[in-house]
Amino acid sequence: MTKKTTKNYLRIFAFLMFLLPIGAFAQTTPNVYLCGTGTVKLTPAFTGYTPVAGDKIIWTVDGTAQGPVTYNVAADAIFNVPATLTAGTHTYSVQVIPADANLCPSDASDNTVVEKLPPPAITVNAPGSVYCTDQTASTVITASKDAGLTLPAGVSLVYTWTATKGGVAVSDPTTLGAVSGTNNELFTLKAGVAPEAYVFTAEGKYAVGSALIVPSTSCTATASKAITVTVKPGKATIAVAP
């Protein structure tokens with residue numbers, strides 16, 4: 001290939017890049033996270049222009065232009081992100097084509113990025129299920145996301161613990177143990193927990209830092225681990241009798 005031909009290819013490539021809307025190069029950092037049946041409305045504002053009746057509003061979703069909407073009232077410009085959105089990253093941009101043929105169509109907006117999170121799933125595990133009273137201090141119950149759950153960067157699960165003792169809710173689980181770990185994923189039993197049947201439950205809730213998540217309560221998942229603490233006989237004394 002000659003140098004002249006290479007230059008021509010580069011010029012054509014540069015020209016094609018110039019034709020692409022700015023939104024095509026926008027970053028994919030999510031503007032909002034959706035969870036469960038959460039949904040949002042995307043409302044455009046066109047710099048220096050207010051849509052009028054007869055204009056065409058065209059949304060592009062994940063790179064595919066949608067059918068034009070004829071503008072009559074403000075609600076016609078709004079895009080309602082459905083609650084049935086599939087898990088993953090989705091991009092939205094919009095442009096307006098004025099009804100007045102003497103006016104120019106707008107460029108496509110930068111992408112708004114919506115990240116739909118998958119349903120959360122967690123597991124709770126411990127080294128065993130039966131412990132003696134003097135072993136409880138070494139019992140660490142661990143909550144973690146299910147092995148089949150893949151989360152996008154910047155998203156984690158934070159855990160809240162509850163417990164029952166003999167089928168009755170424990171008002172303050174910290175009387176039984178201590179919570180630790182970056183996301184409260186570890187629950188370590190205290191020494192000398194009273195013999196009884198216990199159930200320790202972790203609730204995992206999505207955390208997305210300072211980003212917006214809808215609904216604000218996020219989605220949750222729970223999992224439990226049953227543990228039985230048994231009496232350990234005291235050290236024997238031996239009586240000697242003739």
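Good morning, colleagues. Let me begin with the ground rules. The model is predicted, so local features need pLDDT of at least 70 and side-chain atom pairs count only at pLDDT 80 or more, while totals for chains, interfaces and linings use all residues. Residues are numbered from 1 along each chain as its sequence is written, and side-chain values use heavy atoms, with hydrogens and water left out.

First, the overall composition. The protein has one helix and 18 strands; these are DSSP runs numbered from the N terminus, with helices being H or I of at least four residues and strands E of at least two. Of its 242 residues, 32% count as buried. Buried here means under 20% relative accessible area, exposed means over 50%, and partly exposed lies in between, with a 1.4 Å probe and protein chains only. Among contacts with a separation of 6 or more, 67% come from residues 24 or more positions apart, a contact being heavy atoms within 4.5 Å.

I turn to the interior. A nonpolar core is a set of buried Ala, Val, Leu, Ile, Met, Phe, Trp, Tyr and Cys residues joined through side-chain atoms within 4.5 Å. The largest one has 32 residues, and I141, W161, L176, F200 and Y206 have the most contacts inside it. At least two residues of this core come from each of strand 9 (122-125), strand 11 (140-145), strand 12 (156-165), strand 15 (186-189), strand 16 (196-207) and strand 18 (220-230). Another core, of 18 residues, lies apart from it and includes L42, F79, L85 and V114.

What does L176 touch, once its neighbours within four places in sequence are left aside? Its contacts are A163, V170, F187, T188, L189, K190, V193, Y198 and F200.

Next, the sheet. Two strands are taken to pair if DSSP finds at least two bridges between them. An open sheet of four strands runs in the order 9-11-15-14, with antiparallel pairing. Strand 9 and strand 14 (177-180) stand at the edges with a single partner strand each, so one side of each has no neighbour in the sheet. On average, neighbouring strands of this sheet are turned by 15° against each other, direction ignored; the axes are lines fitted to C-alpha atoms, for helices over the stretch in contact, and angles run from 0 to 180 degrees between N-to-C directions.

Four bridges join strand 9 to strand 11. I122 has K145 of strand 11 as its bridge partner, and N125 stands opposite T142 in strand 11. Strand 11 and strand 15 pair over three bridges, also in the antiparallel sense, and V140 has T188 of strand 15 as its bridge partner.

T139 belongs to the loop between strand 10 (130-132) and strand 11. Is T139 buried or exposed? T139 is buried, with a relative accessible area of 0%. Leaving aside neighbours within four places in sequence, T139 is in contact with Y131, F187, T188, L189 and I227.

Now the cysteines. A search of the whole structure finds one disulfide, defined as a pair of cysteine sulfur atoms within 2.5 Å. The pair is C35 and C219, with sulfur atoms 1.7 Å apart. This link joins distant parts of the chain, 184 residues apart: C35 is in the loop between strand 1 (32-34) and strand 2 (41-42), and C219 is in the loop between strand 17 (212-214) and strand 18. Both C35 and C219 are buried. By contrast, C104 is exposed at a relative accessible area of 68%, and C132 is partly exposed at 25%.

Finally, the aromatic residues. The whole structure holds five aromatic pairs. Rings of Phe, Tyr and Trp (its six-membered ring) pair if their centres lie within 6.5 Å; planes under 30 degrees apart count as stacked, over 60 as edge-to-face and the rest as tilted.

F187 and F200 are both buried, and together with W161 and Y198 they form one aromatic cluster.

Thank you for your attention.
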